[in-house]
Amino acid sequence: TRRSSDLLSVRGAPDVGLLGRQQISGDITWSKPRHGRRPGIVHIALPEADSALAMLMIGGATVRRQWFVDPAKAGNKRFLAVQHFDADLRMLRDAVLTSPHSDRFERGVSTLLFLSGFSPSDPLQTDAPDLIVTTPGGKIAIVECTVRTADISTKVGKLVDRRGSLSKYLTSVGQPAEAIAVLVCRMPLDQLPAQAADAARNNVLLLTNEDLVAALERVRFPRDPDDVLASASTRLASQQGLLRA
């Protein structure tokens, strides 16, 4: 027996206000119980949505959240273009999360940045960062990538030197001198406590496995790269504050 506090609701994304939110508990057509379960079916229309979040509450407590995605629709055109040639982003996920080859990991990170709205470039010079990244607002980040924990210290040193060199050059030509240094490593954060502290001390943003997985989950939706970098700067400042505390 359903109680008044048992609710099933759906919210479409992108959110278009109240029209994209529906409480559908009373619209379910229930079948006869079978094998101890009573199946129910409900049909709803969310024409402006490319995905939907279903939320089940029992007794006033949320017990389940489930995203449903339309694979043929997305608000991010970059995502649609890449997915057309890489179904379900299987190759990208392998490059970013699994492949042991550093050059493939670097290419995967570049593609992930592209999907996230950034404009990444792979310099041809050997004495240069793995990637130079810009935003629509003109912000610049230099990025080093590694699949090996042992390389992190060396990569941090390179980022510090190259960030200083780039900032000095930008100042000399009358451009904003700030450049964010980013190190991307596939390992989970809890396996890198010393490396994370070293990166924060050197004002280098360390992105780990958790950040890569989260970024892959968000690529269907367009984001503002300038806001992303601003949030990254705030995160780095917070990490430095913890070290000084």
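How do α2 and α3 lie to each other, oblique or roughly perpendicular? Hold that for a moment.

Ground rules. This is a predicted model, so local features need pLDDT of at least 70 and side-chain atom pairs count only at pLDDT 80 or more, while totals for chains, interfaces and linings use all residues. Residues are numbered from 1 along each chain as its sequence is written, and side-chain values use heavy atoms, with hydrogens and water left out.

Back to the pair. The axes of α2 and α3 come within 7 Å and cross at roughly 120 degrees. Axes here are lines fitted to C-alpha atoms, for helices over the stretch in contact, and angles run from 0 to 180 degrees between N-to-C directions. Helices are DSSP runs (H or I, at least four residues), as are strands (E, at least two), numbered from the N terminus. The answer, therefore, is oblique for α2 and α3. Cut-offs: under 35 degrees is roughly parallel, over 145 roughly antiparallel, 65 to 115 roughly perpendicular, and the rest oblique.

Who touches whom? From α2 come M91, L92, D94, A95 and V96; from α3 come R104, F105, G108, V109, T111, L112 and L115. Contact means heavy atoms within 4.5 Å. By class, that is 8 nonpolar, 2 polar and 2 charged residues. Nonpolar covers Ala, Val, Leu, Ile, Met, Phe, Trp, Tyr, Cys and Pro; charged covers Asp, Glu, Lys and Arg; the others, Gly among them, are polar.

Next, α2 (residues 90-97) with α6. Their angle is about 170 degrees, with axes 11 Å apart. So α2 and α6 are roughly antiparallel. L92, R93, V96 and L97 of α2 meet N209, L212, V213 and L216 of α6.

Then α1 (residues 77-85) and α3. They pack at about 140 degrees, axes 8 Å apart. That pair is therefore oblique. R78, F79 and V82 of α1 contact T111, F114 and L115 of α3.

Last, the largest pocket. Its space is about 530 Å³. On a 1 Å grid over the protein atoms alone, a pocket is an open set of points where a 1.4 Å probe fits, with protein on both sides within 12 Å along at least five of seven lines; lining residues have an atom within 4 Å of a point. Points join across faces, edges and corners, and volume is the space filled by probe spheres set on them. There are 23 lining residues, with L113, F118, L207, R218 and V228 nearest the centre. The largest share, 6 residues, comes from α7. The lining has 16 nonpolar, 2 polar and 5 charged residues.
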